[in-house]
Protein chains: 2
Amino acid sequence: MKSFDFYSPTEVVFGKGGEQQVGALVKKWGGKKVLLHYGGKSAEKSGLLDRVKASLKAEGIPFVSLGGVQPNPRLSLIYEGIELCKAEGVDFILAVGGGSTIDSAKAIGVGLGHPDEDVWEFYFGKQVQKMAPVGVVLTIAAAGSETSNSSVVTKVEEDGTHVKRSIDQDAIRPKFAVMNPELIYTLPKYQIGCGIADIIMHTLERYFSAAETLGNDLTDRIAESVLKTMIQYGPQYLATPDDYKAASEVMWAGSISHNNMTGCGNGGDFATHLIGHELSARYDAAHGATLTAVWGAWARYVMSENVLRFAQYAVNVWGCDFDSADPERTALAGIACTEKFFASIGMPINIPQIQSGVTEEDMAAMADMCVSRGRTAIGGFKKLSRDDVYNIYVAANR
Amino acid sequence: MKSFDFYSPTEVVFGKGGEQQVGALVKKWGGKKVLLHYGGKSAEKSGLLDRVKASLKAEGIPFVSLGGVQPNPRLSLIYEGIELCKAEGVDFILAVGGGSTIDSAKAIGVGLGHPDEDVWEFYFGKQVQKMAPVGVVLTIAAAGSETSNSSVVTKVEEDGTHVKRSIDQDAIRPKFAVMNPELIYTLPKYQIGCGIADIIMHTLERYFSAAETLGNDLTDRIAESVLKTMIQYGPQYLATPDDYKAASEVMWAGSISHNNMTGCGNGGDFATHLIGHELSARYDAAHGATLTAVWGAWARYVMSENVLRFAQYAVNVWGCDFDSADPERTALAGIACTEKFFASIGMPINIPQIQSGVTEEDMAAMADMCVSRGRTAIGGFKKLSRDDVYNIYVAANR
């Protein structure tokens, strides 16, 4: 195996009724006053927020609330959260929601840890030294942010353009994550599809790494385990979201897919994420959908770098026969299976399915933005220049 | 999936030369003065201890040394370590070794956290409130103690009898584990075999759980991934211990097998461990060898509780054909494959291979000890009474 660091300290409390332990968990992790951070009205309507508040009250932990997190969470709300926390003396951020809410909570935590600095600078590589701890009550299986080292945030510039950037540092991993599969029953179908896509893509982004970083058999097997579990239970969860068994397998796969257990030793790729980020920044499209819209085009564009890796994927994950005389045929079969699966769960497999009328100028602008701000290339499986990224947008735009 | 808590906070630094980072890691995790705890002369002779000391010195971290940890680590040395640390003002325990050294280090850490209590009481269920942190430089792939919540310690009573007990609490997980596969090149073959057996058994002990706790597909697939990796690379590592690839796969599997990633949701069994502990306490036999000596007898004794589970194991791990008309045949084939594998790596598959002349009285005494001290039964796949345990000893003793 190749060298790696692995650090996933988040305490996971998995199962029914976990939200009733939130107060005790905040106390255990040293929280004295909490910011209750969440998104829209669903957490209010479902009664979940009330149950969380009751758990905090039972432990005598005061809290203030800040809702309104939207998909592709906005820097502006994060600034508001930081000021609120400073004014109220908050020392612990509790995210009740999915990836956007957790990412927003992490950003607020980083901001509180560096009260005299602009939190946005940490999205350009500055090292996080300190942060207010974050806890999670997860309501969407998708982003894996409940155990990951990532926070992705969107800044809306004065001219209306969106800039989407991430922190990827171990310091920002949550202290605990309450994962009750019953809390993910009531999502819209499209959002469920996006979540399934995101979980699969977090695994594929690590599975397709530069050839010189591959050769980590146990890591590969764990990644293939996550993928097979998603292929088995993803559609079942989509069809019957209140199927506890299916929801629970998907929910746990979502965490494993992004706590780096599926990537130990592998260098990772994440080009599809970056290519997709520009689509979601420009068209405010759902993150998961932007990934499936470009993955097939990416895969065919880069496949020749390591055909046998794509063949391994086809055989071990999709059960394709291996064609020793023409491994490329096997590799392409695996890509086709993936696209067919994405389509079956209602996800786009090209750009027009998320946005019609995208022009060459649009794609050029997105490629410029994608390979910019200090980046001269993206990806690991194949290093992609700005022109490569443009070519992938073009291939995906038909 | 069934409910579970998962907490594995240990920072893993995996790869060549990791021991050179030890000083920085101790500093990062707050250590001001270190107890360097190790076993025999091999760490001295190989130069590893010198490299570790140099790394501590480079960071200006003072240390005192305590070697002499033996297999089945003794409570007496732990008492000595606690007194030494108190006298010297040590606040961080650095274990350089394998499971025995790490378990001993954890015990010293617990003792320092409770300076006015007898550390042995924590091996009878008392809750650990506080402990001096433990770091690890791993030199044996086997016990998984570098990321686990376990510490197993042996007390030699005044009459010479050995009492072997464990702490299994999250509070005692190490802060960091340096895992350099090159450090496990020079072990004796028998010890390598014992390590392979131990890693496999940590996985099987979770895989064979009570039927009502099973149904955790992702967990099963990860467990099967660990087992297949061990079957593939274990013999290769045994044959050529300086094969980096094989050593590294085995080393990482050793951690995953016991950080509970392979058991999320499953209730666990661990009867084989407890049955084996009595053998190793009574005859000072190597831990791994005591497990393989009794596992086959245990498996055939309990199989009827859930034949299909054993059949799943046979098919998914060993590639046996599934016989729908006679699933028991498939189940037995999987048990036979396991015993054949254990024998192929030089491990005993019955008691006489580790100790000849064990009498009915000996077995009765071990069964009494195994199901005692507050335990009325052991195991999860099947609850075993004292008489069941006796019957398994008898079955294994031929």
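At 38% relative accessibility, Glu121(B) is classed as partly exposed, a category that lies between buried (under 20% relative accessible area) and exposed (over 50%), computed with a 1.4 Å probe on protein chains only. The model is predicted, so local features need pLDDT of at least 70 and side-chain atom pairs count only at pLDDT 80 or more, whereas totals for chains, interfaces and linings use all residues. Residues are numbered from 1 along each chain as its sequence is written, chains are lettered from A in the order in which they are written, and side-chain values use heavy atoms, without hydrogens and water.

A salt bridge, defined as a side-chain nitrogen of Lys or Arg within 4 Å of a carboxyl oxygen of Asp or Glu, links Glu121(B) to Lys126(B), with the closest N and O atoms 2.7 Å apart. In chain A, salt bridges with shared partners join Glu117(A), Glu121(A) and Lys126(A) into one network. Lys126(B) also forms a salt bridge with Glu117(B), again with 2.7 Å between the closest N and O atoms. Lys126(B) is partly exposed at 31%, and Glu117(B) is partly exposed at 35%.

A further salt bridge pairs Glu83(A) with Lys86(A), the closest N and O atoms being 3.8 Å apart. Both residues belong to helix H4 (residues 75-88) of chain A and are three residues apart, about one turn of the helix; helices here are DSSP runs of H or I with at least four residues, numbered from the N terminus. Glu83(A) has a relative accessible area of 48% and Lys86(A) one of 36%. Over all chains, the count is 39 salt bridges.

Terms used: Helices (H or I, at least four residues) and strands (E, at least two) are DSSP runs, numbered from the N terminus.
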